Amino acid sequence: MAWDTFYRGTGEPHDTTLPDAPPWRVFPRSSAPRTFKPPKGLTDAVNAAVFLHRPLLITGAAGSGKSTVIEQVADELRLGPVLRWHITSRSTLPDALYRYDALGHIQSLRLAQSGAPVKDVDDIAAFLQLGPLGTALLPDTTRPRALLIDEIDKSDLDLPSDLLDVLERGVYEIPELVRHSRSRVSVRRWRGDGEDTTTELPPYEVQEGRVQCQRFPFIVMTSNGEREFPAPFLRRCIRYDMPRLSVELLREAVEAHVEQSLPPHAADLVQEFVERVARGETLAVDQLLNAVKLVIDDHGPTGEQRDRLIGYLLRNLSGA
Ligand SMILES: Nc1ncnc2c1ncn2[C@@H]1O[C@H](COP(=O)(O)OP(=O)(O)OP(=O)(O)O)[C@@H](O)[C@H]1O
Ligand SMILES: [Mg+2]
């Protein structure tokens, strides 16, 4: 197996062994908790959030490790599978609390009226599912759940303020259940990272349509700093800005990913990466990981071909 035996661009099918994944591209992902190296001050910021029961707002450049922090914290503190809420401009607070498939429910009621055999017409539970935030606030766990609210700066302008109330009071209502004839309804939970999709999670029994959190979850919110947040939101968070990584820490992080100590030509890439970032270029840790993998792997390209590829992989993310 050599570099030129993969795709050749000839259009001729040929037998070839495809390369194994780098350890950090093996699915399901499991290596992040062990390979993450917290930059200076991060452990204190995490502990402050844990101690004060406040969300941690992490700001930093693309690829600076913001979304990975929670994986290590959840693993180390045994908080269970991380619940993820990935924010886009269309994300809303109700969506993160629970989802109700009203159309599906109406259809099933119509079927029942037409005489078709339907299990339980009144079974609203089948059409409800708690979202990541709704699940994180459930009171029936012994340890707080870990919740990642990723890229909150991409949200609609009102979302951070909408979140405030729920995070302050730790309570939410499901109006469809408040009005429902049954006072107790068992609702499906949101699955966390790596939670087995073949087995049913135990549903949560919501009473009178209201869920009251008992222990504040461990929440990380991430932001690329694309916008300012209102002061009332900021004052309720522990804030941490991802700093630039030192050569030593970055080298440790890369060595943990590639599971070996770096030969001199790979260590030079780390040094050069740090110098370029210090000069103001935007480069992400994953770009460095890609480049290092190419230079240390026996099956990687060599000579000029390798240098050209490294150049492509380590292109400045901003400007050019
Ligand atoms: N301090 C670090 N130690 C080890 N690995 C790191 C570190 N920082 C970043 N990485 C690695 O870099 C990659 C990108 O990290 P991640 O996706 O968490 O960045 P991000 O800040 O969330 O980026 P984006 O803003 O693009 O979402 C991951 O593979 C992560 O393991
Ligand atoms: Mg991220």
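## A guided tour of the model

Start by selecting helices α10 and α11, whose crossing is right-handed, a word used when the near helix is turned clockwise from the far one by less than a right angle, with anticlockwise giving a left-handed crossing. This is a predicted model, in which local features need pLDDT of at least 70 and side-chain atom pairs count only at pLDDT 80 or more, while totals for chains, interfaces and linings use all residues. Residues are numbered from 1 along each chain as its sequence is written, and chains are lettered from A and ligands numbered from 1 in the order in which they are written.

Stay with this pair: α10 covers residues 247–258 and α11 covers residues 264–278, and their axes come within 10 Å and cross at roughly 135°. Axes here are lines fitted to C-alpha atoms, for helices over the stretch in contact, and angles run from 0 to 180 degrees between N-to-C directions. The two helices are therefore oblique to each other, given that angles under 35 degrees count as roughly parallel, over 145 as roughly antiparallel, 65 to 115 as roughly perpendicular and the rest as oblique. Helices (H or I, at least four residues) and strands (E, at least two) are DSSP runs, numbered from the N terminus.

Next, show the side chains of Val 247, Leu 250, Arg 251 and Val 254 in α10, which meet Ala 267, Val 270, Gln 271, Phe 273 and Val 274 in α11; two residues are in contact if their C-beta atoms, placed from the backbone, lie within 7 Å.

Now move to helix α3, residues 66–76, which is mostly covered, with eight of its eleven residues buried. A residue is buried if 20 or more other C-beta atoms lie within 10 Å of its own, exposed if 12 or fewer, and partly exposed in between, with C-beta atoms placed from the backbone. The buried residues of α3, among them Val 69, Ile 70 and Val 73, pack against α1 (32–35), α2 (42–52), β1 (56–59), β5 (146–150) and β10 (218–223). Just after α3, select Arg 78, which takes a positive phi of about 55°.

Finally, colour the protein by domain, with domain 1 as 3–29 + 245–313 and domain 2 as 38–241; these bounds come from an automatic or database domain assignment. The centres of the two domains, taken over C-alpha atoms, are separated by 36 Å, and eight residues of domain 1 are in contact with six residues of domain 2. Helix α12 (residues 285–296) gives the most to the side of domain 1 that touches domain 2, with three residues.
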